[in-house]
Amino acid sequence: MTDLVIRPITAGEEKLFDSLPDPALVGRAAFGERYLDMAAAGQYRPEWTWVALRDDVVVARAAWWGGPDDDQPLALDWFDFTDPDAAVELLRTAPLRAEYSLSLPPGWRDDPAVRAQAQARIDAATAAGMSVLVERYRYRWTTGCGLPDRPGRLTFRPEPDDAVILDALRRVGEGSLDAHNRHTTATSGPDAAAREELDLLRWLPSPRDWWRLAWTASGELVGIIVPARNHSDPIIGFVGVVPEQRGHGYAYDLLVEGTHLLVEGGATEIVAATDQTNHPMAAVFARANYPIERERIDLV
């Protein structure tokens, strides 16, 4: 068999990356996103875009994504192949380490062709040393979904002090059902998990003063809601209720407040996500008229 060549592309070789035949059943392509368009817009960098070639033909490809100011990629989110062994070798060879986020259509397990394409990628990533962390729902609310009324039970105030926000995040993390928070807590401790969450929120390119802490009428902290923007959409960046306030349905109040704040700022669509295993939060999104746009599997 011809020797395998694994390397990053160089500027101007984007069409080489795009030359691999793929049915576009899973991943970003399944949702009408095109690598060439995203690369032209600066979403992917040549040095973070790798190919495996046999006889100058692409048999596997992987593209890692990061923000415009990041010096390391944040996610692997474009991964396709016609040669599974080459795909595994590509992931082992490329000196890039980030979570693999595999986007999938809702109910993807019900379609045998989609299920096979998803499983092939999961198997390749697993063989390369990754493991499934969690399956997630991604939502996209639009004005056509209807804007839920504010319940009016809580008071929301901005909080400029990061130390106060960090403490709130640490408290929210106690007993969290979020797999990423639980993973970081298990490996590095609760303080590291809270700091990781704060760093991610600070990374978002939206104003810091959009963040809100929520309080009861008697002045007790309920939680935190972060309406925000990423590099493409208005988003619900974070929803969290402190342990002593759980069981009252306050997560719904927080989500509705974040939705209103984004709409008041001009948003007509809002993206959000939660773990599929976080049944209470999934129910909150359903109650607030957030339809599931896609599913996602995160491997670390």
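## Starting with S176

Is S176 buried or exposed? With a relative accessibility of 14%, S176 counts as buried (buried is under 20% relative accessible area, exposed is over 50%, and partly exposed is in between, using a 1.4 Å probe and protein chains only). Keep in mind that this is a predicted model, where local features need pLDDT of at least 70 and side-chain atom pairs count only at pLDDT 80 or more, while totals for chains, interfaces and linings use all residues. Residues are numbered from 1 along each chain as its sequence is written, and side-chain values use heavy atoms, with hydrogens and water left out.

You'll find S176 in the loop between α5 and α6 (helices are DSSP runs of H or I with at least four residues, strands are runs of E with at least two, and both are numbered from the N terminus). Its side chain reaches the backbone nitrogen of D178 at 3.0 Å. That is a polar contact (a pair of N or O atoms within 3.5 Å; within protein, one must be able to donate a hydrogen and the other to accept it, and residues adjacent in sequence count only if both atoms are side-chain atoms). If you skip neighbours within four places in sequence, S176 is in contact with N181 and R182 (contact means heavy atoms within 4.5 Å).

## Helix α6, end to end

Now move on to α6, which covers residues 179–188. At its start, a side-chain oxygen of D178 comes to within 3.1 Å of the backbone nitrogen of H180. After the helix comes G189, with a positive phi near 105 degrees.

Which residues of α6 are buried? They are A179, N181 and T184. These buried residues pack against β6 (132–142), α5 (162–173), α7 (190–203) and β11 (269–275).

## α6 meets α7

The axes of α6 and α7 are 7 Å apart, and the two helices pack at an angle of about 135 degrees (axes are lines fitted to C-alpha atoms, for helices over the stretch in contact, and angles run from 0 to 180 degrees between N-to-C directions). That makes α6 oblique to α7 (under 35 degrees is roughly parallel, over 145 roughly antiparallel, 65 to 115 roughly perpendicular, and the rest oblique). On the α6 side, H180, N181, T184, T185 and S188 make the contact, and on the α7 side P190, A192, A193 and E196 do. Sorted by class, that gives three nonpolar, five polar and one charged residues (Ala, Val, Leu, Ile, Met, Phe, Trp, Tyr, Cys and Pro are nonpolar; Asp, Glu, Lys and Arg are charged; the others, Gly among them, are polar).

With a relative accessible area of 44%, L200 is partly exposed.

Helix α3 (residues 84–93) and helix α4 (residues 112–127) have axes that come within 8 Å and cross at roughly 45 degrees, so the two are oblique to each other. Here A87, V88, L91 and R92 of α3 touch A124, A125 and A127 of α4. The tally is six nonpolar, no polar and one charged residues.

For α8 (residues 250–264) and α9 (residues 279–287), the axes come within 9 Å and cross at roughly 50 degrees. This pair is therefore oblique. A251, Y252 and L255 of α8 meet M281, V284, F285 and R287 of α9, a contact with six nonpolar, no polar and one charged residues.
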